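Please look through the sequence and the model shown here.

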Amino acid sequence: MTLIQVGLENKLQGRTLAWALDFPGVFTYGADDAEALMRIPREMLRFEAWLNLHTDQPWVLLGGLDMHIYETFEVSTVLADGEPYEVNAFFKSDLLPLNADDIQKTLLIFNWQREELLAGVETLPKELLTHESTDQPWSIETILDHIARVESWYFSRLGFEAWLKSETGTSLRLLELSKNAVNRLLPELENSDQVFEHNCEKWSARKLARRLLWHQRDHIDQIRDLAFRYFFLQPLDGPDR
């Protein structure tokens, strides 16, 4: 029996985000707690299959699943420099330092995600990368740029220099710079028990790792959805046939 300890993050852009806290990279959305929890088993199976594609020695071997709600966090909004700032979840488990094994697995997942992201983008026509639809103002190029800059921002929450703060260039260049920085800096957080606070939001090494994998996976899925809609769901500002 595999125990799944779930952290629930409520009121995140009107939804509930369920985190499988012992399995970074596994999360689900739902209209409420029940719907998000219901989707966890399927996501765990998908994650296990995804790992099996990348390694001959996966560390997730699922039997029966036993889910427990570990903690619930209510997202709030505060004012920071006169602008609304969303305070996201900090769970009790985020206080636990990352050990060497945690960091190794986080970087493996992060780099496999990056490979998937770039491989998917390489197959898309150039006009799609800059395409903006009426219901999605962000182009894929904008999303790629955003992924890289948020990774830099995450590390700045823990006292590192925001390495892309003043960088310019193509989104692919920024992604490469950011990937190299993540691989270099995350090992420096081994066994760190420091907790930082910015704008009423707490950050730790474990929270950074959790959100790092969530953010990249979330946008990979978003890009895949945009590409599908562009090609197959007409008329949604897709190419003329």
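The largest nonpolar core has 71 residues, and M44, L117, I140, F155 and L186 touch the most other members. A nonpolar core is a set of buried Ala, Val, Leu, Ile, Met, Phe, Trp, Tyr and Cys residues joined through side-chain atoms within 4.5 Å. Buried means under 20% relative accessible area, exposed over 50%, and partly exposed in between (1.4 Å probe, protein chains only). Helix α7 (residues 205–232) gives the most to this core, with 11 residues. Helices (H or I, at least four residues) and strands (E, at least two) are DSSP runs, numbered from the N terminus.

This is a predicted model, in which local features need pLDDT of at least 70, side-chain atom pairs count only at pLDDT 80 or more, and totals for chains, interfaces and linings use all residues. Residues are numbered from 1 along each chain as its sequence is written, and side-chain values use heavy atoms, with hydrogens and water left out.

**Core residues and helices**

F155 is in contact (heavy atoms within 4.5 Å) with F160, W163, V182, L185, L186, L189 and L208, not counting residues up to four places away in sequence. F155 is also one of the buried residues of α5, among them I140, I143, L144 and I147. These buried residues of α5 pack against α3, α4 (126–129), α6, β7 (196–198), β8 and α7.

The 17 residues of α5 reach 25 Å from the first C-alpha to the last, close to the 24 Å expected at 1.5 Å a residue. The expected span of a helix is 1.5 Å times one less than its number of residues. Helix α6 (residues 171–185) has 15 residues and should span 21 Å, which agrees with the 21 Å between its end C-alpha atoms.

Which residues of α6 are buried? They are S171, L174, L175, S178, A181, V182 and L185. They lie on the same side of α6, because they cover an arc of only 130° around the axis. The arc is that of the directions from the helix axis to the C-beta atoms. An α-helix has 3.6 residues a turn, so residues three or four places apart point the same way. The cover over the buried residues of α6 includes α3 (100–122), α5 (140–156) and α7.

**Two single residues**

I140 is found in helix α5 and is buried, with a relative accessible area of 2%. T77, in strand β5 (residues 76–80), is exposed, with a relative accessible area of 56%. Leaving aside neighbours within four places in sequence, T77 is in contact with P84 and Y85, and I140 touches L124, L128, L129, H131, I223 and L226, not counting residues up to four places away in sequence.

The table gives C-alpha distances for two residue pairs.

| Pair | Apart in sequence | C-alpha distance |
|---|---|---|
| I140 and H219 | 79 residues | 9.4 Å |
| T77 and E48 | 29 residues | 35 Å |

On a 1 Å grid over the protein atoms alone, a cavity is a set of points where a 1.4 Å probe fits but cannot get out, and a pocket is an open set with protein on both sides within 12 Å along at least five of seven lines; lining residues have an atom within 4 Å of a point. Grid points are joined across faces, edges and corners, and a volume is the space filled by probe spheres set on the points.

The largest pocket holds about 690 Å³ of space. Its lining has 26 residues, of which Q13, H146, W214, H215 and H219 lie nearest its centre. Helix α7 supplies the largest share of this lining, 8 residues.
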